[in-house]
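Morning, everyone. One structure today, a few quick stops. Please have a look at it while I talk.

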Amino acid sequence: MLRASIYGKLKILIPLISDLEEFRRVKDFIDDVKTELSKEKIDFDPHVKIGMMIEVPSAVMIADELAKESDFFSIGTNDLIQYTLAIDRGNENVAYLYRPLHPAILRMLKKVIESAHREQIEISVCGEMAGEPVFILILLGFGLNELSMNALSIPKAKRIIRSVEYKTARALLEKTMLLPTATEMSNFIKKELPKILGDSFKEFS
């Protein structure tokens, strides 16, 4: 990857980080590789950014510390939801418990995003949540400016983002965060989306 960095802008994203020591070991390893390449006089970009996936609850709880030593965050919502709610999406007996609009999940997102913003590092969200119209406005309300999704979701996501002001998304988020259960949150969002998106709602739903 470091060898390839001379051919374009490269960022290295480390998955499943659970504590700061783990991330430091990864960065030490990358530094060792840089030293080897330098000794061999092999070109590479010495300023490659090293970031981490936030996808386990332990990383969320120490996000403020992780943000101080990471160049960027990417929140992996699929795994974070599974690990937090103790479910397996592949198991049909418990798949119904997979609920992105769960108070715990939204509070986790809030904590991670605020930690990244305080340290002024880049942050994005990836996973199914980032490409679903019902969740995009919630993510925008958090102040996110980067979403990662499959190619088929991009046109619809772009139309939603362009059709809603930030203050509207923020107000929706704040009202949603006041609700105590996943069912209430989901019902509230479904009721509010037609009002916000107007005639475009059927296209996005």
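First, a term: when I say two residues touch, or are in contact, I mean that they have heavy atoms within 4.5 Å. And a caution: this is a predicted model.

With that term in hand, go to Ala169. Which residues does Ala169 touch, leaving out those up to four places away in sequence? Leu137, Leu140, Gly141 and Val164. Ala169 sits in helix α9, residues 166–177. Buried or exposed? Ala169 is buried, because its relative accessibility is 2% and the cut-off for buried is under 20%. One distance here. Ile136 is 33 residues from Ala169 along the chain, and their C-alpha atoms are 9.0 Å apart.

Now the whole protein. Secondary structure: 11 helices and five strands. The C-alpha atoms fill a box of roughly 60 × 35 × 35 Å along the principal axes. There are 205 residues, and 41% of them are buried. Take the contacts with a separation of 6 or more: 62% of those join residues 24 or more positions apart.

On to the surface. The protein exposes about 11500 Å², with 51% of that supplied by carbon and sulfur atoms.

Last stop, charge. Where does negative charge gather in a patch on the surface? At Asp28, Asp31, Asp32, Glu36 and Glu40. Take Glu36 from that patch. Glu36 belongs to helix α1, residues 20–39. Its relative accessible area is 47%, so Glu36 counts as partly exposed.

That's the tour. Over to you.

Notes. Residues are numbered from 1 along each chain as its sequence is written. This is a predicted model: local features need pLDDT of at least 70, side-chain atom pairs count only at pLDDT 80 or more; totals for chains, interfaces and linings use all residues. Side-chain values use heavy atoms; hydrogens and water are left out. Patches are made of residues with over 30% relative accessible area and no salt bridge: like charges are joined within 9 Å, nonpolar side chains (Val, Leu, Ile, Met, Phe, Trp, Tyr) within 5 Å. Accessible areas come from the Shrake-Rupley method with a 1.4 Å probe; for residues, only the protein chains shown count as cover. A salt bridge is a side-chain nitrogen of Lys or Arg within 4 Å of a carboxyl oxygen of Asp or Glu. Lys and Arg count as positive and Asp and Glu as negative; His and the chain ends are not counted. The place of a charge is taken as NZ of Lys, CZ of Arg, CG of Asp or CD of Glu. Helices (H or I, at least four residues) and strands (E, at least two) are DSSP runs, numbered from the N terminus. Buried means under 20% relative accessible area, exposed over 50%, partly exposed in between (1.4 Å probe, protein chains only).
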